[in-house]
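Let's take a friendly walk through a protein structure. Have the sequence and the 3D view ready, and follow along.

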Amino acid sequence: MKNIWHFFLGTIVLISKGSKGYYCWVLFLLSLMTIGAFAYAQQLNEGLIVTNMRDQVSWGFYISNFTFLVGVAAAAVLLVIPAYVYHWKPIKEIAVLGELLAVSAIVMCMMFVTMDIGHPERFWHLIPKIGLLNFPQSLLAWDVVVLNTYLAINLTVAVYILYNKYYKREPNKNITTPLLLLSIPSAISIHTVTAFLYNGLGARPFWNSSILVPRFLASAFCSGPAFMILIFFLVRKYTKFKIEDEAIQKVAEIIAYAIFINLLLLGAELFKEYYTATIHLDSFRYLFQGLHGHSALVPWIWTAMIFNVTAFVLFLNPATRRNNVTLVMGCILVFIGVYIEKGMGLVIPGFIPDVLHEIYEYAPTGIELLLAMGVWATGLFVFTMLLRVAIPIMNGDFHVADDGVGSYIGDQLFLVQQPDAVISESEPVI
Amino acid sequence: MSDTKKCDDHVLHKSRRKMLKGMAAGIGLIAMPGRDASASIWEEFFQKNFRELSKDELKAVIARLEKDYSKQYAKQITVKTTPPIEGVRYGYGLDLSRCIGCRRCVYACVKENNQSRSPQIHWIRVMQLNKEKGIDLSHAEHYYNPATVPEKGHFYMPVQCQQCEKPPCTKVCPVQATWKEQDGIVVVDYNWCIGCRYCMAACPYGARHFNWAKPSVPANDINPNTHYLGNRPRPKGVVEKCTFCIQRTREQPGRYPACEEICPVGARKFGNLLDPESEIRYLIENKRVFIFKEELNTQPKFYYFYAT
Ligand code: SF4
Ligand code: SF4
């Protein structure tokens, strides 16, 4: 218990130290969070009327972001499988970054859902036994369960591994292995359940298609790992943490397959809808062509299509995949592409036309955008803090001091362009 | 180095203060919804789901609500909890050959059920359809507004909650804030609903409506005769829907729903499906009846028919 306390104290000291760049970054996030908090205060005060959601389009930007981020969270599993099932060393060293990303993404997911509901203070109605969780009938109840489980597993594994590293011990395999193995099905489950949430509604033909779950999974395996690669590059550039090209290339390969499957499934869905051309085509027409003069999403979805296809080419072609510049480009393109396609592109057409075929065009208000920005900033803040602790631990720059009580902090500066860091390395301070 | 560090610290502190201030403002707003904050806020916060309340707890809840509402609207407001009547299952009939699309039912419903006037909430939606196209919703006109109705070449189809026998809306609710009662009416506990709107996504008839803002009903327009599961004043951030006028139809002797009472052409019929002698049973057995979106197997207890 005392150890944990000292570890905790050490992390507090650690996160308060860093380079100028680190402080600027944290400050930037904190100010965005503050803006978001003000936007949220206004929404709480006036109600969700400050959004552009209405009875016809009853979910909007918040739930779109939520849906996308569930995918990002699920993608951590792509590092866990090669690392712990196939014991592939280059990835094993970085798998913990994936778990921390999953934790941050889930935090954002939960925040987006909280922002979206009319009575967040009644959250306790969702707690089994205390409230009245409608399990197993409601898929939303399932989602609450699997998201929390996934968060708990990832947080436990990551913290446990790092904590042991800090105390220079080998993590107990009997604890980590089952948890890591459990995290694989539970990553799949958060995505499957979120897809089922939409999928199970007979009222909404746009979502009521059995291909939705595989489409969800495929797109998650594009966006999440793409974000991971971007983080790898940043971490490699701005911290002392070493990440091998080999590991990045492996992840990039997986993305190439995932984009292919994602495009294939989308194509299958488009064929079915356009060829049969039943009344259910309307939502697709709204998304891709515009319906009765309403076409707010059309430029977005085509942007997404172009981005995804370009990214696919970049990932498929070995020359561009191995080139770091084009690889980063591909990652950014596919991340944005999937953000549009699995965010607004998935949620909004479910409501347009609505169940009585009314068309209400939705676009987020300023408040919705600010609030979402605040949530993203919070997620990145959480992720930064987690990395601030995790990376020095993994580098051996943050560990228990020789007296076995206090902590040794070798990395005073965090987020420094690498050549500079070498200089500061020579003067570690305790 | 130490100078820059101090400077950084300073900036960090300042931003922290700013954030704390923002947070305090946020928390302040959560903690005080309105100026008349009182102990009842906590009672409300900890209130159990309607179906889990004991007799005494229910009594206390009703007393609190009646007091709050009466104060808010400066007149005596009663909140009933009349239970379903044994052997009754309500059914509704709507004669499409008679309906003239005057929307009197829409406004009678608003009045009877204390729907918000601003922002406007309507539990009934009347669609103007093309006689040539039949019931083809993609050609429906929702906001028709001619000087006189009916318009040539058109017919009208009112839609409201169909009180499904297999309601998808209750199935998806994560907290069991909405359910089907013994008499077939699907209700919402406005004090339990978390406002996630999953039920709205699930309902195939657009029958559920959300209080995007605090509902406003002028005090002299409020209907003081209310039911806990029906037309009592709603808070913002919860879902509401048609309840077949639960506050009227569960009375003994029962009253008709406001929409059926007001209809000038008698297009609306209401009765007990379990009573073989009832008018609704006669209609179902003898007229050309259909239910809306039959393929979804929601099994509505709302029957459209053509009497002529
Ligand atoms: S019509 Fe909609 S709200 Fe009414 S019971 Fe059916 S699904 Fe529920
Ligand atoms: S909005 Fe309310 S009634 Fe509807 S599903 Fe959510 S909690 Fe249940």
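## A strand in chain B

Is strand E2 (residues 90-95) of chain B largely enclosed by the rest of the structure, or open? Six of its six residues are buried, so E2(B) is largely enclosed. Here, buried means under 20% relative accessible area, exposed means over 50%, and partly exposed is in between (1.4 Å probe, protein chains only). Strands are DSSP runs of E with at least two residues, and helices are runs of H or I with at least four, numbered from the N terminus.

This is a predicted model, where local features need pLDDT of at least 70, side-chain atom pairs count only at pLDDT 80 or more, and totals for chains, interfaces and linings use all residues. Residues are numbered from 1 along each chain as its sequence is written, chains are lettered from A and ligands numbered from 1 in the order in which they are written, and side-chain values use heavy atoms, leaving out hydrogens and water.

## Faces and neighbours

In a regular strand, side chains alternate between the two faces of the sheet. Look at E2(B): B:Tyr90, B:Tyr92 and B:Leu94 are buried on one side, and B:Gly91, B:Gly93 and B:Asp95 are buried on the other.

E2(B) pairs with strand E10 (residues 268-272) of chain B, antiparallel, over five bridges; pairing takes at least two DSSP bridges. There, B:Tyr90 has B:Asn272 as its bridge partner. E2(B) also pairs with strand E12 (residues 302-306) of chain B, this time parallel, over four bridges, with B:Leu94 opposite B:Tyr304.

## A buried serine in chain A

Now find A:Ser58, in the loop between helix H2 (20-46) and helix H3 (61-74) of chain A. A:Ser58 is buried, at 0% relative accessible area. Leaving aside residues up to four places away in sequence, A:Ser58 touches A:Met53, A:Phe351, B:Arg197, B:Met200, B:Ala201 and B:Trp212; contact means heavy atoms within 4.5 Å.
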